Each structure stands twice: as C-alpha cells, then as structure tokens.
Amino acid sequence: MKVLIFADSHGYNMAMAFAVDREEPDAVIHLGDHAEDAREIERVFPAMPICRVRGNNDFDPEVPLNAVVTPGGVRIYITHGHRERVGMLSSGIVSQRAYEEHCALAFFGHTHRMMLERENGVWVCNPGSISLPRGGPASYARLTIENGRATQLELVDEDGSLLRKESL
C-alpha cells in the first residue's frame, strides 16, 4: 500500500493533484492549512480514501484538529501541529501524543519544513509544504505499508524525486 502525505498546500493544489495522478496511491493524508484542497483531491479522485486534519488557517469545525488513522492497519497520529507547539526543528509534543495513542508514526505540518526523526520510539515526520516551502524544495511524503507494517518512508520533491529515504 502506498500513502501520500501532504501539508500546507494553502490553496495551491495542482502539485498535489499531479502527484496523486502520477503516483496512483492507495490513500492520501492532508495535514492542514487548506483542508479544502483535500476535498478538491477527493472530488477529482472520488474512489481514493483521503484523511484530513484542520490547520491554523482552516475553519471548518467538521474537520478534526488531530486524528488517529489506520491505513493498511498501521496506527498513525496526524495533526497540523500548531496546537502541539511545533517549531522549526522540533515536533513539540506530537511524538508524545502519538506514543500515548500507540501509533507507529506521527505526521504534522505547520512549519513548512521537512523533518524526519525518531522520538519516543515513534517515527515523526513533517513532509514540508507542497506549495510554500521554507528552507528547501516543495515536498511531500510517500509511505509504504506491507502486511500491516510501515516499511519505508520517503521525502520527495513535488516531482516525486527522492530527497530522503528511511527503512522503518
């Protein structure tokens, strides 16, 4: 199973649409700051499961601030991160919340900067921003799940070229 994870699209959803069309993932996760962009992807690819959370620039109370999702049976904590006080190089309390929720992975956005590290036994990742990056190229994450286990996490640029790869 392949899952694409996007953050901070801020209304510029063409790069997301191109990535979904090119990569044909099994699911998409959007980490906020224009959750409406995820709805647009849902309209273009109606059969694809899409999970979303609300960012600090999203105001739809129907969209949760954080969630635990289970694509392919893998527990993943997702949040935008602004409420968890994420910083430019810190995941704040995201890893702790993921640990408490018994999640193998946690994803957040908000800083528009790529980050991937292991904290509290949890892989914590910010895929960067697909449209308005800071300190690097426009980017997103590609997660591979096999037999109920996350096996690989890649950070890629908007064209899908590999920037970093971790075996999980």
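Buried means under 20% relative accessible area, exposed over 50%, and partly exposed in between, using a 1.4 Å probe and protein chains only. With that in hand, let's start with helix α1: here Ala-15, Met-16, Ala-17, Ala-19, Val-20 and Glu-23 are buried. Helices (H or I, at least four residues) and strands (E, at least two) are DSSP runs, numbered from the N terminus.

A word on the model itself: it is predicted, local features need pLDDT of at least 70, side-chain atom pairs count only at pLDDT 80 or more, and totals for chains, interfaces and linings use all residues. Residues are numbered from 1 along each chain as its sequence is written, and side-chain values use heavy atoms, leaving out hydrogens and water.

Back to α1. Its buried residues pack against β1, β2, α2 and β9, where contact means heavy atoms within 4.5 Å.

How do α1 and α2 meet? The axes of α1 (residues 14-23) and α2 (residues 35-44) come within 10 Å and cross at roughly 40 degrees. Axes are lines fitted to C-alpha atoms, for helices over the stretch in contact, with angles running from 0 to 180 degrees between N-to-C directions. The two helices are therefore oblique to each other; under 35 degrees counts as roughly parallel, over 145 as roughly antiparallel, 65 to 115 as roughly perpendicular, and the rest as oblique. On the α1 side, Met-16, Ala-17 and Val-20 make the contact, and on the α2 side Asp-37, Ala-38 and Ile-41 do.

Now for some loop residues that are tucked away:

| Residue | Loop | Relative accessible area |
|---|---|---|
| Asp-8 | between β1 and α1 | 0% |
| Ser-9 | between β1 and α1 | 0% |
| Asp-33 | between β2 and α2 | 2% |

Phi is positive in Asp-8, near 50 degrees, and in Asp-33, near 65 degrees. Ser-9 touches Asp-33, and its other contacts include Met-16 and Asp-37.

Finally, the nonpolar cores. Such a core is a set of buried Ala, Val, Leu, Ile, Met, Phe, Trp, Tyr and Cys residues joined through side-chain atoms within 4.5 Å. The largest has 23 residues, and Ile-5, Ile-76, Ile-78, Leu-105, Phe-107, Leu-143 and Leu-153 touch the most other members. Among the elements giving two or more residues to this core are β1 (2-6), β5 (76-79) and β10 (149-157). A second, separate core has 16 residues, including Ile-50 and Tyr-140.

Terms used
Lists of a residue's contacts leave out its neighbours within four places in sequence.
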